[in-house]
Amino acid sequence: MNKDNKVENIIKSIIRISSPRDFSNSIYLHEPFFSETKAYEYIKDCLDSSWVSSSGKWVDRLEKEICVYTKSKFCVAVSNGTVALRLALHLVGVKPRDEVIIPPMSFVATANAVSHCGAIPHFVDIEEKTLGMCPLALEKRLNDIGERVKDNLINKNTKRRISAIMPVHIFGNPASIHEIKKVADKWGLPIIEDGAESLGSWRIVNGQKIHCGLFGEIGTISFNGNKIITTGGGGALITNNGEIAKIAKHLSTTAKVNHKWEFDHDEIGWNDRMPNLNASIGVAQMEDFERRLNAKRKLRNLYNNEFKKFNDIEIINEPDQCISNFWMITLRLCNKNIIEVKELREKILSKSHQKNLYLRPVWKLINHLPMYKNCPKGSITVAEDQSLRLINLPSSPQILL
Ligand SMILES: *Cc1c(COP(=O)(O)O)cnc(C)c1O
């Protein structure tokens, strides 16, 4: 097959799976979907009752739905996923000028949340199988640069305190979080799990299903428009720690002390709560969540079968002992020659956009963005290599619904 033919065939295959009904439509990676839900009815309830702002029964119901589904003891709904990360980092004690360990392959918000606390991202490499932070790379990096000084872990090179680890469950693939946790425990570091993309993703440990976000101190979720469930904009923290949940709620509600009429605030808080209006459409989609997850799993299998005929291309697999939500179904170019990979990737992306098939590569690595280029980092060769190989495919559940 010559190269242009190959690109044509790849795109044909993607369109065949992702656009079974109408080949003329624009196809995006992940789109919101409300038909066959009670979203319209629930929004009307908010408007009729005039409970549209940052408290109300739909916020309570969404938090409850998340707790029931994930088996988390507590959930605090906030205004977006970035805010959830910033609040979580603050809650585990990340202070200005600290360093927080994150993977270089993530959406920029992961690093921005660290910056919003006045702290500095410190990049540790990812692993090929999960695309998440590599526990071995983490262990090696901490051994290389970590030094215990009293109760703190200090980066010998920068003299700054390292105060948290924030792995990301990328595209809904659970990271090797149980292994990361072992390293974190050894060094006494808290874990915040950036689970913006992983509602519906689980890791099985000793036969037990544990939802992503419940391995560390706090997990976060995003309900942005492109995520698996959307509230327009929104996010949440999940935790099994009641004390953390209580403070999260307090600080996200302007640290207001409960009183019928007094305006009494005992700390500098934030106005971070999710509005009732937004929560109502989240509840409507949660009621339809299993059906969506099943559709996405089926879609992934269809892509997988379709791409078997290309010998140096694969659809990313569910890691062993993991249940993925398949938020993003990802194609990986496996050719050993990285120059050819780059060339093929560019061709697939530009050709697909000409056909209104809006494929996207993985994000540019965060350490290549101007504001993060001087941040400390270990060797990140896997992330550098993988970032050139990945293309996300249309993954909306409604393709099959
Ligand atoms: C979407 C996303 C965020 C941020 O969530 P917002 O709700 O958009 O603020 C953070 N991290 C990752 C990995 C994301 O995909």
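This report walks through the ligand site, the pockets and the cavities of the structure above.

The model is predicted, with local features needing pLDDT of at least 70 and side-chain atom pairs counting only at pLDDT 80 or more, while totals for chains, interfaces and linings use all residues. Residues are numbered from 1 along each chain as its sequence is written, and side-chain values use heavy atoms, with hydrogens and water left out.

**Around the ligand**

Let us start with the ligand. The shell around the ligand holds 16 residues, and the closest are Gly81, Thr82, Glu197, Ser222 and Lys227. Here, a residue is near a molecule if one of its heavy atoms lies within 4 Å of it.

Which polar atoms lie 2.5 Å, 2.7 Å and 3.4 Å from an oxygen atom of the ligand? A polar side-chain atom of threonine 82 lies at 2.5 Å, a polar backbone atom of glycine 81 at 2.7 Å, and a polar side-chain atom of asparagine 80 at 3.4 Å. A polar contact is a pair of N or O atoms within 3.5 Å; within protein, one must be able to donate a hydrogen and the other to accept it, and residues adjacent in sequence count only if both atoms are side-chain atoms. On its own the ligand has 380 Å² of accessible area, and the protein covers 93% of that. Accessible areas come from the Shrake-Rupley method with a 1.4 Å probe; for residues, only the protein chains shown count as cover.

The ligand sits in the largest pocket, where sitting in a pocket requires more than half of the molecule's atoms to lie within 2 Å of its grid points. Helix H4 (81–91) and helix H5 (109–116) are the elements that give two or more residues to the shell around the ligand. H4 gives the most to this shell, with three residues. Helices (H or I, at least four residues) and strands (E, at least two) are DSSP runs, numbered from the N terminus.

**Pockets and cavities**

Next come the spaces themselves. On a 1 Å grid over the protein atoms alone, a cavity is a set of points where a 1.4 Å probe fits but cannot get out, and a pocket is an open set with protein on both sides within 12 Å along at least five of seven lines; lining residues have an atom within 4 Å of a point. Grid points are joined across faces, edges and corners, and a volume is the space filled by probe spheres set on the points.

| Space | Volume |
|---|---|
| Largest pocket | about 640 Å³ |
| Second largest pocket | about 420 Å³ |
| Largest cavity | about 50 Å³ |
| Second largest cavity | about 40 Å³ |

The largest pocket is lined by 28 residues, with Phe107, Asn226, Lys227, Trp327 and Trp363 closest to its centre. H4, H5 and strand E15 (360–361) each supply at least two residues of this lining, and H4 gives the most, with three.

In the second largest pocket, Lys249, His250, Thr253, Lys256 and Asn258 lie nearest the centre, among 18 lining residues. Helix H3 (57–70) and helix H8 (242–252) give two or more residues to this lining; the largest share, five residues, comes from H8.

How many cavities of 30 Å³ or more does a search of the whole structure find? There are two. The largest cavity is lined by Asn173, Ile315, Ile316, Ser324, Phe326, Met328, Ile329 and Thr330. The lining of the second largest cavity includes His30, Glu31, Gly225, Lys227 and Arg292.
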